[in-house]
Amino acid sequence: MASRTVEVATGVPPLAPEREVIWPKRAKKQLANGLEVILAESHSIPKFHGELLLRSGNATVADRAPGLAEMTASVLRSGTRKRGSRKIEEDLRRIGADLSTQAGSDVSAVSFSGLSEFAEPLLDLVQELAREASFPEADFERERRQKLEEVKLNRTQPSFLANERLRKVLFGAHPYALVSPTEAQVAAYKREELQSVYREFYTPQNALLLLVGDFEPQEMLKSIEKVFGPWSGKKPEPRTFPAPASPRGRRVYLVHVPGAVQTQILAGCHAITRKHPDWIKLGLTNSLYGGAFNSRLVMNIREDKGYTYSPRSAVNALRQHGFFSVSAAVRNDVVAASLTEMFYELDKLRSLPVPPAELADAQNYLSGVFSLSLATQDGLLTQFSNVAQHELPDDYLETYRAKVRAVTSEDLLATARKYLDSANLQVVLVGDRAQIESQAALFGELEIFDAQGNRI
Amino acid sequence: MNRPHIAIEHKKLANGLHAVVAPDSTAPVVTVGVYYKIGFRLEPQGRSGFAHLFEHMMFQGSANAPKMQHIKLINSSGGVLNGSTSYDVTNYYEAVPSNALERVLWLEADRMRALKVDEENLKNQRDVVKEEVRVNVMNEPYGGFPWLDMPPVAFRNWANAHNFYGDFADLDAAHLGDVQAFFKTYYVPNNAVLLLLGDVKAGEGMALAEKHFGGIPAGGAPAFADPTEPEQTEERRGHVVEQFGTLPAMAIGYLMPKRRTADWCAMALLDQALHGGRAGRIHRVLVQEKQIAVDIEGGVDDLFGYNGPTQMTTRIMHKPEYSSEETLAAFDAVIGEVREKGISADELEQLKVKWRSDYYATLESGRGGYMPKYGLMHLLACFTLFDNEPQLVNTILDGFLAVTPEEIHSVAKKYLRNEKRAIVFRTPARAGVKEAA
């Protein structure tokens, strides 16, 4: 609650009429081998951005080992049957391109950007990585050691420790509970396991190629047919996992980091996927709560009270389940005070209708930020990629702003009551037990862990 | 070669404010920036961290837009906003749907004309800044490495050598009088540039700039402290303890030539030969071939935006089984090779293509996906404030593309010298690590 009267601005110029977004021309095609292709023109600079998306990720093979898809993606760029690591990197530089390979819970991807004048050699390298990666033994060992050090380093990062614990608490036995392998699991990775994942995931029937940028679509399609046409392979067996139970009752999980000069708060509960009809309503609710600089939580615990630099909330969409979360890194002596305000603002949204002016402001915000995200090649790619990854309807982007505008105060109240589940919010605190344990215990039954994840 | 050309209008208003408009109606959004020519390098002595604390104060209220209103008005117009403090400039920027352009200009003009803050705002933002320092530095593995660790080791002039985020004692000592004096001295129109990029016509943009900013009175010409360093004649070394991480780390910084000299262009490409991603020589040799390092990164912090002594810095995280001296020896072998042989014409050609590609990306790209043209804004601002020539954005590339292998070899010999470098070792507090000699 603001302890200071908020004054209003005087003499603010009104907004002019909004200009329509001009949607880029798009082309869609499915190649005979099953590869889906989506192209969008954007001629802002003589470059293009692209993504080869494989619809399988760490969760798909979590029963073999956590993080296996990510490790596969890391080693993938180290060599093909035709090119060694050094040649790959220098060839990329020679055509002015950037490329990265990664995997999340649900997807793996080769992301790239480069000059339009060298589009075909870049596409050719991408297809070579997707079809003919050789997983050289020495590169595998090097990447594994790097991964080991990364896993160790993660355990010294408050934000990682908080996220790891929250995902365990929310997702239990579901693969979404795992955000990182352990050192022992990395040490046990085998090159053959990576090769199996590679053979299963990296097939045209499991893939989507997205390109946004400065090109002529028909010519680009011809290049794609030529380069990716000979690729073959089947769709992997789909995997589903039993839905995780939503934790009942508010609990507090303290990850003890001796000497921490600040406490990382992260709290969350189950929510929805992007496909869910309530997604836009929840997005708007989130932006009012803590999803924007102007949101209630930021104004309260940062601008009014000065507890934290970086409070925020988010709706996190995984393919099968989503979760809502709120976080802030706060002074040790205001952990209880910060949590009190977090719950206060949640409960206020659950109890009182949002005033129409505040709703209109939030609608303007989401609608405007959406327009901003369409102004660059990279931003457009991200939007198209989201639509594809979450299997959203074809008109999702075109109708998004109208759907945001249609949300009412009553919708928001119902949405907050349904999803901002303050009574069952799971609270993770990463900090020094001696400084914060008594504050933590005020908010629910307390469990304490060390940074290695052991109960203490 | 298809090179983008940026259309630019530039005008200096009667009060000394530069106005730059770069129209592009592709998307219905506009990015607005106001850059002030003051950064943390030249903040007042005894007030380390003040330039950054002051940046926070600029969001705390102005004559007609009291506390919280600035942020509220931008977000509720569908826009995003932020500010940042760097060595020699501080910027404030907004990206909004273009129908909110005039509102943004009104807000920026209001806080340039009359910042209105009180003790309570100052205390509030001092608390916020302390949590910012804790989250980014004190409670974070390798926090502040090397951007806060290197200056006190590398430099002798307080301007270049102090703690830019601020000692907490200095932050606590800052009072409202400091805020007002800093504002009056540096936040004057004649020490700033206004930038409008995107969906606005040149004439309309200039008229709006005049309408909202033209009436702000000019201030005195700010007096700037001299950031010149005494000539460095010996390698400098320093040690910092790493409280959280387990990998030993080091950063090596070499002094850069002055901006916009022929040496500067050659060093920029040499920097890419050394640090340009996984094809860069340091990554290739230390991470991929010798496998001494787990990760390396490096380069010049802000090639176009520095206006005082600066370094090209390599940051190395290495395996604990290699000592610091062994790691440094491997690094020195890479440096020794370019000093001795330079680089091949073929390597330089690769670097130029990549440089051109990266430059185009800078012209278009945003920050975090939601600040279109942030890169272009920054280039235009620096070229205006430091060179009085925003048109450089269309020609600066020529100097880089003209660099020869001989020039690369020459700058390698001239600048990559031990007596022109400083090294910071960041050593884990946890046992089992071989110490540097």
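Two residues are in contact here if their C-beta atoms, placed from the backbone, lie within 7 Å. The model is predicted: local features need pLDDT of at least 70, side-chain atom pairs count only at pLDDT 80 or more, and totals for chains, interfaces and linings use all residues. Residues are numbered from 1 along each chain as its sequence is written, with chains lettered from A and ligands numbered from 1 in the order in which they are written.

View 1. Helices (H or I, at least four residues) and strands (E, at least two) are DSSP runs, numbered from the N terminus. A residue is buried if 20 or more other C-beta atoms lie within 10 Å of its own, exposed if 12 or fewer, and partly exposed in between. In H7(A), residues 191-201, the buried ones are Leu194(A), Val197(A), Tyr198(A), Glu200(A) and Phe201(A). They pack against strand E3 (47-54), helix H1 (68-76), E5 and H4 of chain A.

**View 2. A cis peptide bond in chain B.** Take a look at the bond from Phe145(B) to Pro146(B): it is cis, with omega near -5°. Pro146(B) sits in the loop between helix H4 (119-138) and helix H5 (150-154) of chain B. Most peptide bonds are trans.

**View 3. A positive phi at Asn388(B).** This residue, which is not glycine, has phi near 55°. Asn388(B) belongs to the loop between helix H14 (374-387) and helix H15 (396-401) of chain B. It counts as exposed because it has 12 C-beta neighbours inside 10 Å.
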